[in-house]
Amino acid sequence: MVKPLPRDSDSNEKFVFYRYDPTLVGAVVYVVIFYLTTACHAVQLIRSRIWYFIPMALGGLMESTGYIGRILSHFNKEDLGPYLMQTLLLLVSPPFLSASIYMILSRLMRLVGAETYSILPIRWVTKIFVVGDVLSMLLQATGGGIMGSGKAANLTLGEHIILVGLFVQIAFFGFFLVVIVFFHYRIRKRPTPESYKLLELPYSRLSWVTLLYTLYAGSAFILIRSIFRVIEYLQGNSGYLLRSEVWLYIFDGLLMFGVLVLFNVIHPSKVMPKRASTHREDSFSLQEL
C-alpha cells in the first residue's frame with residue numbers, strides 16, 4: 001500500500017490519489033461500453049481494411065483498460081499501480097483517437113479533388129498534425145509517469161509537463177479546425193466536379209459532407225475534453241474538479257465514448273470508395289510521419 005504523498009504544492013492540503021471513493025458501478029459500465037465500441041471498430045477495421053483507423057481502435061482499448069484501473073482503485077484507492085494505470089491510459093488515449101481523425105482529412109480532400117483548397121500543402125496535412133499528436137501524447141505520458149512516481153517533489157513537475165502536453169494538443173486541434181473550416185468554405189464556394197459526382201455514386205451510402213461534419217463533431221469533443229483537463233490540472237490536486245469523479249465521467253469518458261461511437265456510425269468506409277480502402281496511401285504506417 002502506498003501512503004498519500006506529503007503535500008500538494010499548490011495548497012495546504014496533502015496530496016492524495018483520490019478525494020472520493022471511486023465508483024465501482026460507473027467504472028464497470030464504462031469498461032463495458034468502451035469494449036463494445038472498440039470491438040465494433042475492430043470488426044470495421046478488418047472488413048474495410050482502412051488501416052489508418054488502427055489508432056482509433058487502440059485508443060478505445062486504452063480507454064476501457066483505464067477504467068479497469070478505476071475498478072481496482074475502488075477496492076484500494078491508495079494503491080499506486082491502479083492509480084497510475086488509469087491516469088496514464090485516460091490521459092494518452094485521446095491522442096490515438098485524434099490521430100485517426102487527422103488522417104481522414106487529407107484523404108477526404110483528395111477524394112473530392114480539392115487538394116488546392118487546403119491552406120497547407122496536402123502532403124503535409126497528415127504529417128504535421130500526427131507529429132503534433134505524438135508530441136502531445138509523449139508529454140502527457142511523461143508527466144503522468146512523473147506524477148505517479150510516488151515522490152512529492154515530482155508533483156509540480158509532472159503537472160506542468162502534462163499541462164504543456166495538453167496545450168500542445170489544444171493548439172494543434174485548434175489549427176486543425178481552422179484547416180477544416182477553410183477547406184469547407186472554399187469547396188462550398190467553388191464545388192469540384194468530383195464532389196458532385198460522389199453524391200451520385202452507388203457506393204456512397206453516406207455523403208462526404210456527412211463525414212466532414214463528423215470530423216467537426218469528433219474534433220470538438222476531443223477539444224472540450226482537453227480544455228477540461230487543462231482546467232483540472234490548473235486547479236491542482238485539491239481543486240474542485242478533482243473532488244468529484246462525476247466531472248471525469250462527463251467531460252472525459254462520455255466525450256471520448258462519443259467520438260468512438262460517432263466513427264462507428266459514420267465510418268470512413270461508408271463514404272470512401274472501396275478502392276480507397278486498399279490503396280497504399282490509405283495504409284497506416286510510419287511513412288505517415
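Biologist: How do you know that residues 275–289 are a part to read with caution?

Modeller: This is a predicted model, and pLDDT, the predictor's confidence in each residue from 0 to 100, stays under 50 over residues 275–289. The model has 27 contacts beyond four places in sequence for that stretch. Residues 1–11 also have pLDDT under 50, with 32 such contacts.

Biologist: What is the average pLDDT of the protein chain?

Modeller: The chain averages a pLDDT of 85, and 85% of the residues score at least 70.

Biologist: Let's turn to charged pairs. How many salt bridges does a search of the whole structure find?

Modeller: The search finds five. One of them joins the side chains of D21 and K77.

Biologist: Why is the pair D21 and K77 called a salt bridge?

Modeller: The cut-off is 4 Å between a side-chain nitrogen of Lys or Arg and a carboxyl oxygen of Asp or Glu. D21 and K77 meet at 2.9 Å, N to O, so the pair qualifies as a salt bridge. D21 lies in the segment before α1 and K77 in the loop between α2 and α3, so the pair ties together parts that are 56 residues apart in sequence.

Biologist: What makes D21 exposed but K77 partly exposed?

Modeller: Exposed means over 50% relative accessible area, and partly exposed lies between that and the 20% limit for buried. D21 has 58%, so D21 is exposed. K77 has 31%, so K77 counts as partly exposed.

Biologist: Which helices does the salt bridge between R225 and D252 tie together?

Modeller: The side chains of R225 and D252 meet at 3.4 Å, N to O. R225 lies in helix α7 (residues 208–235) and D252 in helix α8 (residues 246–265), so this pair ties together parts 27 residues apart in sequence. D252 forms a salt bridge with R229 too, and there the closest N and O atoms are 2.9 Å apart. R229 is in helix α7, so that pair links parts 23 residues apart in sequence.

Biologist: How do you know that D252 and R229 are buried?

Modeller: Buried means under 20% relative accessible area. D252 has 0% and R229 has 6%, so both fall under the limit. Salt bridges that share partners join R225, R229, E232 and D252 into one network.

Biologist: What makes the span of α8 agree with its number of residues?

Modeller: At 1.5 Å a residue, the 20 residues of α8 should span 28 Å, and the end C-alpha atoms are 27 Å apart, which agrees. There is also a kink of about 30 degrees in α8, centred on G253.

Biologist: Which helices do the buried residues of α8 pack against?

Modeller: They pack against α1, α2, α3 and α7. Among the buried residues of α8 are L248, Y249, D252, G253 and F263.

Biologist: One last residue, then. Why is P82 called buried?

Modeller: P82, found in helix α3, has a relative accessible area of 9%. The limit is 20%, so P82 counts as buried.

Biologist: Which residues is P82 in contact with, leaving aside its neighbours within four places in sequence?

Modeller: P82 is in contact with Y18, G69, L72 and S73. P82 and G66 are 16 residues apart in sequence, and their C-alpha atoms are 8.6 Å apart in space.

Definitions and conventions: Residues numbered from 1 in each chain as written. Predicted model: local features only at pLDDT ≥ 70, side-chain atom pairs only at ≥ 80, totals over all residues. Heavy atoms only, no water. Helix = DSSP H or I, 4+ residues; strand = E, 2+ residues; numbered from the N terminus. Buried < 20%, exposed > 50% of the residue type's maximum accessible area, 1.4 Å probe, protein only. Contact = heavy atoms within 4.5 Å. Expected span 1.5 Å × (residues − 1). Bend = angle between axes of the 7 residues up to and from the residue.
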